[in-house]
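Please read the points below with the structure open beside them. They are meant for someone looking at it for the first time.

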Amino acid sequence: MAFRKVSLKPDAGFCIKTTLESTSTKIFLNICYSSLVPFPPMGLEPSAIEDPNYVLPIVISELREDKDKKGEKAFVVDCIYSKELKGKVLKEPDFKEFLQLVALEKVEERHELVLSRKIGTPNIASKGKLLEREATVPVFATSSASLPANVPVSSHRADPPPKSALKKPLIEELTPSPIPSSQGRSALPQTLSWNLEAQSSSTDDIIKLTISVPNLTKQNFQQTTLDVEPYRVILRIGEPPIYELDQNFQGQVTRQFKVEQAGAEWRVAEKRLILTL
């Protein structure tokens with residue numbers, strides 16, 4: 001699967017609030033939209049959503065600190081879906097609840113939190129200002145233009161979302177870090193170091209590839225290309241490339257990479273790119 005870098009400026013949708021189970025601190029989830037977040041490649045028909053390989057693209061931002069109406073400490077996180085889902089959310093309460101549940105699961109997974117399922121709905125479009133951010137977005141072979149525009153209102157239930165929709169997000173917030181001015185672009189690209197780790201659970205096995213990326217400018221970040229093949233990862237940063245990785249992992253892993261479900265996350269403070277494969 002190929003990925004591309006985009007600059008997202010989300011549009012407000014609605015806001016929900018809940019609390020952290022550990023401290024009862026409030027956390028606000030801004031459910032918002034962007035035309036640059038891909039439409040679900042398998043569409044929105046009930047039969048597609050129930051498919052074990054169903055993918056629902058979503059961007060989960062970093063947590064940011066804020067205050068509630070009482071002036072007490074709270075947290076805010078943006079959850080960004082495809083803008084093409086907005087109309088369905090406005091018409092179908094069950095589908096709106098479905099996106100809420102997916103967002104809760106993704107925030108828990110992204111930030112290693114446990115959130116209460118007691119949800120409030122403040123009468124605001126978003127908590128605080130929605131910030132522009134960089135993200136890496138998967139490029140699907142099928143565009144949403146070829147998918148049906150209308151799905152029956154009664155097609156979605158208020159049940160928990162399918163496990164496939166709660167798997168690793170395909171896109172995550174990215175925040176580029178500066179690169180020293182001494183880094184010349186005329187030099188040959190530096191080979192990136194990496195670490196491969198396999199994790200097993202009762203339901204699935206996860207292959208995690210951690211790539212060390214020492215420095216990155218916004219310009220070079222936007223010129224990053226990432227391709228994931230069944231046993232191969234190709235990463236190039238900058239144009240011409242400053243950093244490069246082209247690695248075949250056949251013989252080092254027990255299965256092929258799940259190309260359509262691959263996730264990519266920049267951890268800028270740690271200077272790492274983490275792929276879930």
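1. Aspartate 205 is 49 residues away from threonine 254 in sequence, yet the two C-alpha atoms are 9.8 Å apart in space. Please bear in mind here and below that the model is predicted.

2. Next, the chain as a whole. The protein chain has four helices and 16 strands. Of its 277 residues, 47% are buried. The chain exposes about 13,700 Å², and carbon and sulfur atoms supply 49% of that area. Among contacts between residues at least 6 apart in sequence, 70% join residues at least 24 apart.

3. The largest nonpolar core has 29 residues, and within it Leu29 and Tyr81 touch the most other members. The elements that give two or more residues to this core are β2 (11-19), β3 (26-34), α1 (46-49), β6 (73-82) and α3 (93-111). Helix α3 gives the most, with seven residues. As a general remark, nonpolar side chains in soluble globular proteins tend to be buried together.

4. Which residues does leucine 29 contact, leaving aside its neighbours within four places in sequence? The contacts are Phe14, Cys15, Ile16, Val77, Cys79, Ala103, Leu104 and Val107. Two of these residues, Cys15 and Cys79, are taken up in the next point.

5. How many disulfides does a search of the whole structure find? The count is zero. For cysteine 15, the nearest cysteine sulfur is that of cysteine 79, at 9.6 Å, and cysteine 15 is in no disulfide. The sulfur of cysteine 79 has its closest cysteine sulfur in cysteine 32, at 7.0 Å; a disulfide needs the two sulfur atoms within 2.5 Å, so this is too far for a bond. Both cysteine 15, with a relative accessible area of 2%, and cysteine 79, at 0%, are buried.

6. The aromatic rings form three pairs. In one of them, phenylalanine 95 and phenylalanine 98, the ring centres are 6.0 Å apart and the planes are at 25°, so the pair is stacked. The cut-off behind that label is an angle under 30 degrees. The two residues are three apart in helix α3, which means that about one helical turn separates them. Phenylalanine 95 and phenylalanine 98 are both buried. Elsewhere, Trp194, Phe249 and Phe257 form one aromatic cluster.

7. Lysine 88 lies over the face of phenylalanine 95, at 5.2 Å from the ring centre. The charged end of lysine 96 sits over the ring of phenylalanine 14, 4.5 Å from its centre. Phenylalanine 14 is among the contacts of leucine 29.

8. Not counting residues up to four places away in sequence, threonine 210 touches Ser193, Trp194, Asn195, Arg272, Leu273 and Ile274. One of these, Trp194, is a member of the aromatic cluster.

9. Finally, the backbone. Most residues other than glycine have a negative phi. Serine 24 is not a glycine, but its phi is positive, about 65°. It is found in the loop between β2 and β3 and is exposed, with a relative accessible area of 55%. Glutamate 112, likewise not a glycine, has a positive phi of about 55°. It is found in the loop between α3 and β7 (133-139), and at 71% relative accessibility glutamate 112 counts as exposed.

Key: Residues numbered from 1 in each chain as written. Predicted model: local features only at pLDDT ≥ 70, side-chain atom pairs only at ≥ 80, totals over all residues. Heavy atoms only, no water. Core = buried A, V, L, I, M, F, W, Y, C linked by side-chain atoms within 4.5 Å. Buried < 20%, exposed > 50% of the residue type's maximum accessible area, 1.4 Å probe, protein only. Contact = heavy atoms within 4.5 Å. Areas by Shrake-Rupley, 256 points an atom, 1.4 Å probe, with all protein chains shown as cover. Phe/Tyr/Trp six-rings, centres within 6.5 Å; stacked < 30°, edge-to-face > 60°. Lys NZ or Arg CZ within 6 Å of the ring centre and 35° of its normal.
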